[in-house]
Amino acid sequence: MKLAVKFCLALLTVSLIFQLFAIISTPLSSIPLSTSPGFEYGVFGYCNTNIHKCSSRKIGYSLEFAPHPMPPNKVPTLPSGLKYSVTKLLVVHPLSFAITLTLYVLIFLMSHQQLANSPMFLLSIALFSLPTFLICLLSFLVDLLVFSSDLCWPGWLMLPATIVIAVCCSLLWNLRSTVSIKNYETLQSSRANTIETHSMHDWRDRTRIPSIIRSDDHSKPLLEPELTYTSTID
Amino acid sequence: MVGPNSFKKQNSGKRTYGSCRRQELGSGLLVGDILPDIVTFVDEALFQSYCDHELPVYNTAKDGSESYQYLKIVTEDWNRYLTRKGVYDRSFSYGVYPVVLSFTANFVITVSLTLLIFLNICDRRYKYTSRLLKMGAMISSINILIFVTRALKKLKIEHDMYGIATAGSIMSLYTSDLTFSILDLISVFMIQLCQVMILNRLFPRNLEKRICIFLGVPLVVVSNVLWAIPRFDSGMQNSPRHWGTLPPFVYLFRIALSTSYACTITSYSFIKRRFCIHSFQMGILSLLAVLVVLLQPVLFITDVSDAWLWGVGELFTTTCYVGSAFIVWEWLERLNTLERNEQAQSVLGRPFYEDEQQEYRIARYALEVQWALGEDYDEDGEEFSKIPSFIQDTPSSLYATNSKNTTIIGREGLDQVRFNQQPAMKEILRQKLITSYITLMRPIRQARRWGLKMLNFTSKEKGENAEREGVVRKRIGLDRRDEVYVYTTKDIVFESDGE
């Protein structure tokens, strides 16, 4: 149980680090999410390396340093041929990071014994892991769509980050079912177990002893039903 | 359709072609049957060559270039167009031939899959899902049939009018044809619901099944509603500034959902890999199922990376959906049969889970009894041989819950029974000998009986037989047919025997 939690935390740490590379890309740092001749692109903006200037840091690129389109009456496009407005979709990156961080905190809370044994808490964590996976996958797909073949390594790192979350997700669902079985068994064993089982020795001895002596409870037949009845079918 | 083409492919015209603009030809004679007089003298003739999205097109008529010479500027532009390079300027994959090939192949595959669905899927266990799948596949087949007809008609009109055939005109049908869009939306919605039901089959516990339905159905509904909004709302199409991010988001959302489906199916096939490689046929089917679910994400990657033909994912969407539902369905059917065969060899017959309350307790009790039997016979080696051969264990992977340490363990013990065990060679030979002996003896016995009958020696034997039959009939209650008795496992003394 504890090992599973530790393993989940380790996986999510890896995923968070991978996602962090994309978040801190250009213009926050010099790591580009995508490059084209004279330009470097990131989640929060892009930089024109020819004039060494970067756009304002926000979701969705502004057109201030965009390359001049050919012919001039057209709107400027990204190297993949998409319009700049599509870059608003890059919002999924910080969203994915935030959701993964929340999942990390929730799993960290599982190290508390009482919470770790609560099926409802585990179920909610397992359910929460599903949108985490979906949004992380969406971030990778958005990167692929916006930058396509010009995508750099921080963008490709989103794929292993997604796979890692998928593994964590399946682990959480398995953990939930294990805890569910464990709790059920504890509950059952705490109640008086009404079903009696007998060794086969008693059963066989019973057949050897004459039927008059067989009056005590211990020598009851193995599968005697509580009620025996006769009825007729109308 | 909200495909990548609706927001992508700004055919930027990195190179401009002069022949697409008006050309002043000066004065001269115009000859043509569309003119009021067949021959007219004009002072200033203006000529504009037919272009498709600012790209030159060439006459596709068989003898066009021989009968009528093109203008020099048009020929030059055409030669420039042929030597172009770059992402948007592929020569073959942007032509009409790959598109025609794709949508006709698409048509054949979808219709074949629909036929297979109607032939293979029966309504027994998953009645509503199978009907939904049949209906979805049927609608997509009809849709693709209508689309092929319209596309070919459009190609004909284009050829008749301009003497050319462009891929763009067929691709534009995807966005402009309302019938296609509506039918496509309905069929995809139905098949996506089927996919949710297929995923539902993968989970053994009731709670997981419920969660799968409660999560899957809203996701499918949201995905399709979002898909429909930009497609059918013309106001939104005209204001790309505010709604420009919706079509790519919806497109990616669909891809994300199909990727999640692919992930689940692939991981399930990995978990059940033992059954997947059970036989050669099963191995092929498993491989096909995994490939077909991965096809849609792969087509997305080819689409965005411009690996082959643009919008190929869009062309194959419906086929991908029908294939990924039907082939996975068939694969699961076979997988379940194999699994059930193995589970049938156990005492419980199937796995029991803790949320099945009563059944789970009964199952645990049955296992305890079985273990008690096992322990008992383990102690007494001689007694073991008395156990009927059908209870004797064979290794298998039935999972039972051990009540002592509360973990799931693989019990490879007495709780398994093998019915379909391959008999040994010696056993087969013995069986054959016995069968041939019986077959040989039958006519001999018959002849003997006839002989005895003829000699009237059977009267006494017949009387004895009738008496014995009467006792048995009375014992099993055939003399009082409308009464049902439930017996205990106590020793039963048949009163009728004493009579």
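Start by selecting B:Glu208, which sits in helix α8 (residues 206–232) of chain B. Bear in mind as you look around that this is a predicted model. Is B:Glu208 buried or exposed? It is buried, because its relative accessible area is 10% and anything under 20% counts as buried. Now show what surrounds the side chain. Setting aside neighbours within four places in sequence, B:Glu208 is in contact with A:Arg176, A:Ser177 and B:Phe203. Two of those names carry the chain letter A, so keep both chains on screen.

**Stop two: α7 and α15 of chain B**

Stay in chain B and select residues 178–202, helix α7, together with residues 317–343, helix α15. Their axes lie 10 Å apart, and the helices pack at an angle of about 25°. That makes α7(B) roughly parallel to α15(B), since angles under 35 degrees fall in that class. The crossing is left-handed.

Which residues meet here? On the α7(B) side, pick out B:Val188, B:Ile191 and B:Ile198, among others. Facing them from α15(B) are residues including B:Tyr321, B:Val328, B:Trp329 and B:Leu332. Colour the contact of α7(B) with α15(B) by class and you get 10 nonpolar, six polar and three charged residues. B:Asp184 and B:Arg201 belong to the α7(B) side, and B:Glu333 to the α15(B) side.

**Stop three: α11 and α13 of chain B**

Next, select residues 246–271 (helix α11) and 280–304 (helix α13), still in chain B. Here the axes are 8 Å apart and the packing angle is about 145°. Like the last stop, this crossing is left-handed. Show side chains and you'll find B:Tyr251, B:Leu252, B:Ile255 and B:Tyr261 among the α11(B) residues at the contact. From α13(B), the partners include B:Val290, B:Leu294, B:Pro297 and B:Phe300. By class, that contact has 11 nonpolar, five polar and one charged residues. B:Asp303, in α13(B), is one of the residues taking part.

Zoom out for a moment.

**Stop four: chain A**

Switch to chain A, which has seven helices and five strands. Of the 234 residues in chain A, 46% are buried. Among contacts between residues at least 6 apart in sequence, 57% join residues at least 24 apart.

For a helix pair, select residues 119–147 (α4) and 158–190 (α6) of chain A. Their axes come within 9 Å and cross at roughly 165°. That makes α4(A) roughly antiparallel to α6(A). The crossing is left-handed, and the contact residues divide into 21 nonpolar, five polar and two charged.

**Last stop: two backbone details**

Select A:Thr26 and A:Pro27: the peptide bond between them is cis, with omega near 5°. A:Pro27 lies in the loop between α1 (2–23) and β1 (34–36) of chain A. Then go to A:His52, in the loop between β3 (46–48) and β4 (53–54). Although not a glycine, A:His52 has a positive phi of about 55°. A:His52 is exposed, with a relative accessible area of 68%.

Methods:
Residues numbered from 1 in each chain as written. Chains lettered and ligands numbered in written order. Predicted model: local features only at pLDDT ≥ 70, side-chain atom pairs only at ≥ 80, totals over all residues. Heavy atoms only, no water. Axes fitted to C-alpha atoms, helices over the stretch in contact; angles between N-to-C directions. Helix = DSSP H or I, 4+ residues; strand = E, 2+ residues; numbered from the N terminus. Parallel < 35°, antiparallel > 145°, perpendicular 65-115°, else oblique. Left-handed = near helix turned anticlockwise from the far one by under 90°. Contact = heavy atoms within 4.5 Å. Nonpolar A, V, L, I, M, F, W, Y, C, P; charged D, E, K, R; others polar. Buried < 20%, exposed > 50% of the residue type's maximum accessible area, 1.4 Å probe, protein only.
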